[in-house]
Amino acid sequence: MDRRHLSSTFVLLLFISFFSEVNTASFKIVNKCRHTIWPGFLSGANTAHLTTTGFVLKPGKSRTVTIPKSWSGRLWGRTLCGVDSSRKFVCQSGDCGSGQIECSGNGAKPPATLAEFTLNGAGGLDFYDVSLVDGYNLPMLIVVKGGKGGNCSATGCLLDLNGACPSELRVARQNGGGGVGCRSACEAFGDPEYCCSGAFGTPDVCRPSRYSLFFKHACPRAYSYAYDDTTSTYTCAGADYVIMFCPPPYTR
C-alpha cells in the first residue's frame with residue numbers, strides 16, 4: 001500500500017469517527033435509589049432503535065447508553081421486578097409488558113415518571129422534559145452535560161410523591177408495604193376534563209385540575225398535564241445527559 005493510499009484511508013477513518021461522534025449523544029443512567037431499578041426505553045415513531053431497551057441497574061450503579069442524534073423517545077424506571085409463576089419478567093411499577101428485561105418496543109404501564117427527549121429537533125435543538133402526565137413512580141432528574149443555546153437547565157421531580165399521593169390516585173404495592181405509584185387523574189377516572197380530550201381538547205379549555213396541581217406544586221419543573229408546555233419543556237444543543245433516579249437527598 002503506497003503512502004497516498006494510507007493517507008486517504010486515515011482521512012476517511014478520521015471523518016467517519018468525527019461524523020459518528022457528532023451524530024450521537026450519551027445518556028448516563030444513574031441509580032441513586034436504595035433498591036434496584038430496571039430502566040426501560042421506548043423509541044418514538046420513525047426514529048432509530050437503540051441497542052438496548054431495558055436493563056437492570058443496582059443501587060449506586062450507572063450505565064451509559066449511546067443515543068443517535070436524531071432520536072426521540074422516552075425512558076423510565078421499573079421497580080419491584082422479578083419472574084412470575086409463568087416465567088415471565090414482570091414489575092409492580094413501570095412494567096412494559098414484554099415479559100422480559102428488554103422492553104422491545106413496549107412503553108411503560110402508567111403510572112410512571114417519564115424522561116422525554118427529541119434530539120436535534122427544530123433549530124437543531126434538543127427538547128427534553130420530565131413528565132408526570134402518565135403519573136409518577138420514582139423521583140427523577142435530568143442534568144445537561146455540555147451543550148449550548150436554548151435553556152440547558154436541569155429538570156425533574158425530586159420528591160417522593162408516593163406517600164403523599166391522594167388516596168384515589170394511589171397504587172399500592174402487592175402484598176402491602178406502601179404505595180408504588182401515583183396515577184394521573186386522566187388514567188384514574190378517564191374524564192375528558194382531566195385527559196384534555198373531546199370538548200376539553202384545546203389549551204384554552206383544558207385547565208389545571210386540583211390533581212395536576214398536586215404534581216405541579218411538588219415538582220414545578222415537571223409536566224403536570226397535557227398543556228403544561230411553557231414551564232416544563234427545556235432545550236439545548238449538542239449536549240450529553242445524565243438521568244438520575246432518586247437524586248440525593250431524596251433517596252428511597
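Visitor: Does serine 224 count as buried or exposed, and at what relative accessibility?
Guide: In this predicted model, serine 224 is found in the loop between α4 (210-218) and β12 (234-245). Buried means under 20% relative accessible area, so serine 224 counts as buried, its relative accessibility being 9%.

Visitor: Which side chain does serine 224 join through a polar contact?
Guide: Not counting residues up to four places away in sequence, serine 224 touches Val133, Ser212, Phe215 and Lys216. The polar contact, at 2.9 Å, joins the side chain of serine 224 to that of aspartate 228.

Visitor: With which lysine does the side chain of aspartate 228 meet in a salt bridge?
Guide: The N to O distance of this salt bridge is 2.9 Å, and the partner of aspartate 228 is lysine 216. Aspartate 228 lies in the loop between α4 and β12 while lysine 216 lies in helix α4, so the pair ties together parts that are twelve residues apart in sequence. Both residues are buried, aspartate 228 as well as lysine 216.

Visitor: What covers the buried residues of α4?
Guide: The buried residues of this helix are Tyr211, Ser212, Phe214, Phe215 and Lys216. What covers them includes β11 (179-182), α2 (185-189) and α3 (192-195).

Visitor: Which element gives the most residues to the largest nonpolar core?
Guide: The largest nonpolar core has 42 residues, and those with the most contacts inside it are Phe27, Phe41, Phe117, Tyr241 and Ile243. At least two residues of this core come from each of β1 (24-31), β3 (62-68), β6, β7 (126-131), β8 (140-151), α4 and β12. The element that gives the most, with six residues, is β12.

Visitor: Which residues are in contact with phenylalanine 27, leaving aside its neighbours within four places in sequence?
Guide: Phe27 is one of the residues with the most contacts inside the largest nonpolar core. Its contacts include Arg63, Thr64 and Trp71, and also Phe41, Phe117, Tyr241 and Ile243.

Visitor: Which strands pair with β4, and in which sense?
Guide: Strand β2 (residues 38-43) is joined to strand β4 (residues 72-83) by six bridges and runs antiparallel to it, with tryptophan 38 standing opposite arginine 78. Four bridges likewise link β4 to strand β6 (residues 114-118) in the antiparallel sense, where glycine 73 stands opposite phenylalanine 117. Four bridges also join β4 to strand β5 (residues 89-93), and these two run antiparallel.

Visitor: How many salt bridges does the structure hold?
Guide: One of them joins glutamate 168 to arginine 210, with the closest N and O atoms 3.7 Å apart. Arg74, Glu116 and Asp134 are linked in a network of salt bridges. The number held by the structure is six.

Technical notes:
Residues numbered from 1 in each chain as written. Predicted model: local features only at pLDDT ≥ 70, side-chain atom pairs only at ≥ 80, totals over all residues. Heavy atoms only, no water. Buried < 20%, exposed > 50% of the residue type's maximum accessible area, 1.4 Å probe, protein only. Polar contact = N/O pair within 3.5 Å; in protein donor to acceptor, adjacent residues only side chain to side chain. Contact = heavy atoms within 4.5 Å. Pairing = 2+ DSSP bridges. Core = buried A, V, L, I, M, F, W, Y, C linked by side-chain atoms within 4.5 Å. Salt bridge = Lys/Arg side-chain N within 4 Å of Asp/Glu carboxyl O.
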